[in-house]
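Q: I have a chain to go through before I set anything up. Can you walk me through it?

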Amino acid sequence: MARDHLVIPFLVTMMLVTGVCNTILNKFQDMQCVRNCDSLDPRERKTFEQPVIQTIQMFIGESGSWIFVFGFYVYRRYIAPRLSNGASPLLAGGYNPVDTDDRYDDEDNTVDNVDGASRLPKPSDVDEEGRVKLKGTKIFLLAAPACCDIAGTTLMNVGLLFVAASIYQMTRGALVLFVGLFSVLFLRRKLYLYQWTALVVVVLGVALVGLSGALFGDDAHDVPQEDATAAVSHALMQARAVAQTPETVKAVIGVLLIATAQIFTASQFVLEEWVLENYAMDPLEVVGWEGIFGFSVTVVASIILYLAVGSTPAGRYGYFDAKEGWHEVFSNRNVALSSLFIMLSIFGFNFFGLSVTRTVSATSRSTIDTCRTLFIWLVSLGLGWESFKWLQVAGFALLVYGTFLFNDIVRPPLKACLPRNVSDRQALVLPEEPIEHA
């Protein structure tokens, strides 16, 4: 018990740290100047804008889950048996479950019939819950949620270019809305009145967050006050700003892109839930396989898009110019280092997030992830990337309340909202991103 008091806070802390670092590092990478950095006019300086490459970085981080899968396999296969010789069960990795079904014969891996007259082969591809193990060609079922992950993550990466890190993270709160709707439509789940109310509250919270970004948008590339030359140049270029996208429109586009991305992310979660309800596979392996599928599809798609769009004069320096994008990654020290740390943060967030789910609960993980949004906002304020907005605080408060109400963490304000037969309640817990995207 004393050990749990130390392990659980560590897992929670690391999940928060890696989750916050992931979003902050992605925004930091977006702010790095990669071309015309010596120009006195800040509008001539070009920052890193490669959402497809950032998606590839995410999948590389997810694929790192195989390191833990391999480590656990080596431990169970080679280390645990040696520790079990004369060692305590704790040092041997805990107890091993024993099959209590007397029909099974461990010596020949067969099973007796009820009358004992004959023997049937013991199924080797079925787990304790009767689910078929996900292996062989069935593994390609995970390619479907991986493709949804690609679309959702890429849209979110584009949206992050236009909004502050905290607005980006808060807008992702719309995920609970689409997960709830898709669960009702495709998984035949039942939502009660208080849960529908929670979804409405979440929508209002996202709307306020988006409104705060549109009305009081922060320009991540504002001219420093002490740079007088750049300030004068900036003032002289105001006439040319009309031809460029206004900051308010950028913020609205960013919020809409991030909110739309939640449709794909919710589809990913529903597909993953369906697969794991019908097939058995360790969650870390699910993350690893989705990382492999996502990486492969994204790389192939980036090559095709480069040949079709990025290599043309109109596509030069655009989102699909993979050649220029990878040149920027390897030629700019800050971009290269942030890429490495982004992959490590995603890798850590997946591992610690799954550990929290197993050690505590999925609802606790959802609560912790909501706290991550608060810390991202505080870090952004501390770094001077954005200013304090009361409207954003109100939106965040609604998001938190709606998420907590939906996940049964807080009680509805009216008892009439509760189902009459509480024992029959099918609580719908928001599935968390096994896969942290940006």
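A: One term first: a patch is made of residues with over 30% relative accessible area and no salt bridge, and nonpolar side chains are joined within 5 Å. Also, this is a predicted model.

Q: Which residues form the nonpolar patch on the surface?
A: Phe70, Tyr73, Tyr78, Ile79 and Leu83. Together they have about 490 Å² of accessible area.

Q: Where does Leu83 sit, and what is its relative accessible area?
A: Leu83 is in helix α3, residues 65-84. Its relative accessible area is 33%, so it counts as partly exposed.

Q: OK, confidence. What is the mean pLDDT of the chain?
A: The mean is 77, and 74% of the residues reach 70 or more.

Q: Where does pLDDT stay under 50?
A: Residues 86-109 are one such stretch. The model has 24 contacts beyond four places in sequence for that stretch. Residues 111-122 also stay under 50, with 23 contacts beyond four places in sequence.

Q: What should I do with coordinates where pLDDT is low?
A: Where pLDDT is low, the predicted coordinates should not be read in detail.

Q: Fine. How many helices and strands does the chain have?
A: There are 14 helices and seven strands. The chain has 438 residues, of which 43% count as buried.

Q: And the accessible surface of the chain, how much of that belongs to carbon and sulfur atoms?
A: 65%, out of a surface of about 22,600 Å².

Q: What share of contacts join residues at least 24 apart?
A: Taking contacts between residues at least 6 apart in sequence, 77% join residues at least 24 apart.

Q: Let's do electrostatics. How many salt bridges turn up in the whole structure?
A: A search finds five. One of them pairs Glu328 with Arg35, with the closest N and O atoms 2.9 Å apart. Glu328 lies in helix α11 (residues 322-331) and Arg35 in strand β1 (residues 33-35), so the bridge ties together parts that are 293 residues apart in sequence.

Q: Are Glu328 and Arg35 buried or exposed?
A: Glu328 is buried at 3% relative accessibility. Arg35 has a relative accessible area of 18% and is buried as well. Buried means under 20%, which is why Arg35 at 18% still qualifies.

Q: What does Asp321 pair with?
A: Arg316: their side chains meet in a salt bridge at 3.5 Å, N to O. Asp321 is buried with a relative accessible area of 1%, whereas Arg316 is partly exposed at 42%.

Q: Which residues do salt bridges with shared partners join into a network?
A: Arg189, Glu273 and Glu277 are joined into one network that way.

Q: And Lys389, what is its partner?
A: Glu386, with the closest N and O atoms 3.8 Å apart. Lys389 and Glu386 are both buried.

Q: Last one. Where is Val400, and is it buried or exposed?
A: Val400 is in helix α14, residues 390-406. Its relative accessibility is 17%, so it counts as buried.

Q: How far apart are Val400 and Ala198?
A: In sequence, Val400 and Ala198 are 202 residues apart. In space, C-alpha to C-alpha, they are 10.0 Å apart.

Technical notes. Residues are numbered from 1 along each chain as its sequence is written. This is a predicted model: local features need pLDDT of at least 70, side-chain atom pairs count only at pLDDT 80 or more; totals for chains, interfaces and linings use all residues. Side-chain values use heavy atoms; hydrogens and water are left out. Patches are made of residues with over 30% relative accessible area and no salt bridge: like charges are joined within 9 Å, nonpolar side chains (Val, Leu, Ile, Met, Phe, Trp, Tyr) within 5 Å. Accessible areas come from the Shrake-Rupley method with a 1.4 Å probe; for residues, only the protein chains shown count as cover. A salt bridge is a side-chain nitrogen of Lys or Arg within 4 Å of a carboxyl oxygen of Asp or Glu. Helices (H or I, at least four residues) and strands (E, at least two) are DSSP runs, numbered from the N terminus. Buried means under 20% relative accessible area, exposed over 50%, partly exposed in between (1.4 Å probe, protein chains only). pLDDT is the predictor's confidence in each residue, from 0 to 100. Contact means heavy atoms within 4.5 Å.
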